[in-house]
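I opened this structure for a first reading and kept short notes as I went. They are set down here in the order in which I looked things up.

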Amino acid sequence: MNRRGLVLSVLAVGAAGFGGAAWYATRPQPIAEAVPVAPEVNDVLIRPYSPILGPETAPVTIVEFFDPACEACRAFYPVVKDIMTEHGDAVRVVIRYTAFHGDASVEAIRVLEAARMQHVFEPVLEAVLREQPRWASHGTPAPGLILEIAASGGLDVEAARTQMLAPGVVAVLNQDRADVEAVGVRQTPTFFVNAKPLNPFGEAELRRLVAAEVAASQS
C-alpha cells in the first residue's frame, strides 16, 4: 500500500463518519517555500472533467492524485474535508484518478464516474471510502459489492451499470493514467496546492501550505 511506511496509527474520526483513519507523523520544523511545477506539468494537473469538491471559483486549488482503493487516501479524506471547512469558500479540491491498485481501483473509479453523472459524487465517494476495507481487500470482493455500497450513497445502481461502461468513462481512465505518468506521480495521495507540490509530505505540511496560499490570495 502506498505510503504504508508513513502510517503511524489508526484513529477514530467521528465527524467524517469513518470507523478509523491512518494518520501521519508531523514535523516540527518549518517547510521550505514551495515552488510551482513546470508549465508543461501544470497544464495537465487539471482536466475540465475532473471532479471538484468545493466552490469552482475558489482561489486556492488542491489537486489530489487519488486512488479510491488506497488506505492512505481514505485516511487523508477527513483531513482534506477539515481543511476545506476551515477555509470555507477559499479552497476547492480537484480529484485526479490514480488506479494503482489494479482492477479494484478501476471498478471504483467507474462507480465514482457514474455517481458524477448522477450528481451524487460526494455522498457516493464517502460511502465507498467508509466501506473501503470491505471491497478493496487483497482478496476478491464479492461481485456487485461496491455497487451495493455506492447505493447507500444515493447511486442508482441500474443506471450505473450502463454508465460505468460508457466510452467517456474509458476516456477519463485513459487520460488520467497518461497524466499520472506525465506528472510523475508514484504514490497516493499526492497533493499539489496552486500547482505547488506538497514536499515534504504530511498533514501539518498540507495545512501550512494551504494556509499560506489562502493568505496570499487575500493579500
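**Confidence.** I began by noting that this is a predicted model, and I looked up the mean pLDDT of the protein chain, which is 86, with 83% of its residues reaching 70 or more. I then marked residues 4–31, where the pLDDT is below 50, although this stretch has 56 contacts in the model beyond near neighbours in sequence.

**Sheet.** I traced an open sheet of five strands, which run in the order S3-S5-S4-S6-S7 with mixed pairing. At its edges I found strand S3 (52–53) and strand S7 (196–197), each of which pairs on one side only. I followed S7 to its partner, strand S6 (residues 190–193), and saw that the two pair in the antiparallel sense over two bridges; Val193 has Lys196 in S7 as its bridge partner.

**Helix H2.** I next looked up helix H2 (residues 71–87), whose 17 residues reach 25 Å from the first C-alpha to the last, close to the 24 Å expected at 1.5 Å a residue. I also looked for a bend, and noted a kink of about 30° at Tyr77, shortly before the proline Pro78.

Notes: Residues are numbered from 1 along each chain as its sequence is written. This is a predicted model: local features need pLDDT of at least 70, side-chain atom pairs count only at pLDDT 80 or more; totals for chains, interfaces and linings use all residues. Side-chain values use heavy atoms; hydrogens and water are left out. pLDDT is the predictor's confidence in each residue, from 0 to 100. Contact means heavy atoms within 4.5 Å. Two strands pair if DSSP finds at least two bridges between them. Helices (H or I, at least four residues) and strands (E, at least two) are DSSP runs, numbered from the N terminus. The expected span of a helix is 1.5 Å times one less than its number of residues. The bend at a residue is the angle between axes fitted to the seven residues ending there and the seven starting there.
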